[in-house]
Amino acid sequence: MNRTLAQEVTPLALSIPDNLNEQQVKAINVANNNAFSIITGGPGTGKTYTVAQLVIALQEATERRGDQQENIRFSTDSASLALAAPTGKAAQRMQESLQAALDTENVAMQLQEAKTIHRLLGIGRTGRPRYDASNPLGEDIIIVDEASMLGVELANYLVSAVKPGARLILLGDANQLAAVDAGAVLADLCRIPTLQAVHAELIKSRRFSSDSGIGQLAHQINAVEVDIQKIWQLLKQDDALRFQYVNMQQEETLIDNKMINSLSNKKTIQKVTQKYNPYINKIKNLLEDKIEKSVPESVKSTINSLMVTFNQFRILSAGHNGEWGDHYINNYLTQWHLTELKLPLGQNTWFHGRPIMILQNNYELGLFNGDIGFCLQTGDERNRLEVFFESKTQGIAVNLLNDEVIATAYAMTIHKSQGSEFDHVAITFDNSHARLLSKELIYTAVTRAKKQVTIYSTKTAFEKAVQTPTERHTGLAQQF
């Protein structure tokens with residue numbers, strides 16, 4: 001890291017748009033003048049849009065070299081820019097966001113594929129990277145999104161592979177969950193005094209206005225000293241927020257001197273299930289009017305439309321186990337799904353409309369950890385089941401997908417939801433998840449929502465969660 005920090009870079013000639021705020025201008029200058037920089041901020045603070053200005057400057061610098069031709073389009077193929085993220089889903093979202101920011105600026109630039117960090121570094125089955133200090137990456141700028149998900153080992157590999165004179169820019173939200181494997185790299189880097197000069201924090205959110213319930217809740221959870229009464233008040237008063245008490249061994253809940261009678265868990269989950277009705281209706285229609293495999297554009301359009309509907313609502317659980325874990329909820333929703341579609345309630349794993357998540361990278365199939373797909377009955381003569389993914393125009397036969405590396409995706413853990421966004425998020429946990437709970441966990445779940453958040457929990461578990469900071473240190477500070 002110290003070697004990277006000591007590298008000198010030639011600043012790009014930038015024309016900074018007038019519509020950027022002071023924090024964004026600082027972030028651009030920090031990234032432009034340093035070999036290593038960190039840009040942090042919560043949802044909607046403009047991290048991607050800010051970085052887009054650097055990408056535009058890089059294109060202009062490329063064109064000024066005199067090697068441009070008529071209608072040249074800058075792309076990652078020019079070995080000048082690499083886009084990466086810890087998961088395939090986060091990489092895809094990063095690429096879409098950056099492309100949208102460039103389109104907003106009317107810049108004729110077609111970005112190539114953003115990659116997982118593993119793929120960027122050429123990490124294969126051996127677990128060792130192809131690119132390292134002796135064989136560095138060729139790109140001049142490497143932008144890594146969702147850097148809160150970076151573990152220590154992967155971060156070390158990444159930093160080692162940056163060539164002298166290139167820029168490494170980490171984007172992320174330091175208040176989000178750290179990587180599942182060793183380390184809380186981004187949060188630790190942000191605390192190191194010697195790195196303050198290369199760290200720019202964006203605070204003003206464009207997605208959540210100052211009076212947004214979701215934004216206020218995220219802010220309250222992040223506070224150093226959490227005011228639990230303020231949080232309860234916010235949950236009670238704001239239309240975008242709701243708290244539903246769940247039973248935990250008949251726990252009695254006293255709020256404002258009133259006894260709150262929570263619905264039975266079975267009735268509660270029945271109500272939650274109804275939020276998936278728009279998705280189920282689309283799936284029913286696809287039984288009648290089956291997906292047309294032979295027309296790639298039709299496949300793409302159908303899956304994109306299905307994804308938009310599916311992303312209107314998602315259940316995010318603290319853990320796998322217990323009545324409010326994703327395993328139980330997915331099993332319940334599977335039975336509901338089969339009943340709604342009048343499909344046999346058998347032991348068959350695969351069925352029409354099953355939403356799935358990929359749990360491990362599969363480079364042969366071009367699938368990545370976090371990818372969401374839909375199992376659909378196709379219109380061929382055998383009515384085969386295939387899984388279709390958002391970015392692909394061809395289905396994948398179900399027998400090519402190992403049961404151990406996929407999961408039904410009506411509900412997912414909060415960890416797995418990082419890098420995703422949904423209109424309405426239902427967050428589920430209870431006292432049995434006590435050892436998993438932290439303010440970072442709840443903050444991450446809340447900030448996946450764009451319009452509405454409903455929390456299903458006990459009073460005890462919720463209060464413990466928002467008042468428990470995660471203590472995970474990487475030892476990175478000792479290297480500076």
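Select Arg-448 and display its side chain, which reaches the backbone oxygen of Ser-420 at 3.1 Å. The model is a predicted one, in which local features need pLDDT of at least 70 and side-chain atom pairs count only at pLDDT 80 or more, while totals for chains, interfaces and linings use all residues. Residues are numbered from 1 along each chain as its sequence is written, and side-chain values use heavy atoms, with hydrogens and water left out.

Remain at Arg-448, in the loop between helix H15 (439-446) and strand S18 (449-457); helices (H or I, at least four residues) and strands (E, at least two) are DSSP runs, numbered from the N terminus. Next, show the surroundings of Arg-448. Leaving aside neighbours within four places in sequence, its contacts (heavy atoms within 4.5 Å) include Gln-176, Leu-316, Gly-419, Phe-422 and Val-425.

Which side chain of opposite charge is nearest to Arg-448? Select Glu-146, 4.9 Å away. Arg-448 is buried (under 20% relative accessible area; exposed is over 50% and partly exposed in between, with a 1.4 Å probe and protein chains only) yet has no salt bridge, a term that requires a side-chain nitrogen of Lys or Arg within 4 Å of a carboxyl oxygen of Asp or Glu.

Centre on Glu-146, in the loop between strand S4 (141-144) and helix H6 (152-160). Glu-146 is buried, at a relative accessible area of 11%. Its phi is near 50 degrees, a positive value in a residue other than glycine.

Finally, select Lys-342, in the loop between helix H13 (326-340) and strand S11 (355-358). Lys-342 is not a glycine, although its phi is positive, at about 55 degrees. Is this residue buried or exposed? Lys-342 counts as exposed, at 75% relative accessibility.

Note on methods
Lys, Arg positive; Asp, Glu negative; His and termini not counted. Polar contact = N/O pair within 3.5 Å; in protein donor to acceptor, adjacent residues only side chain to side chain.
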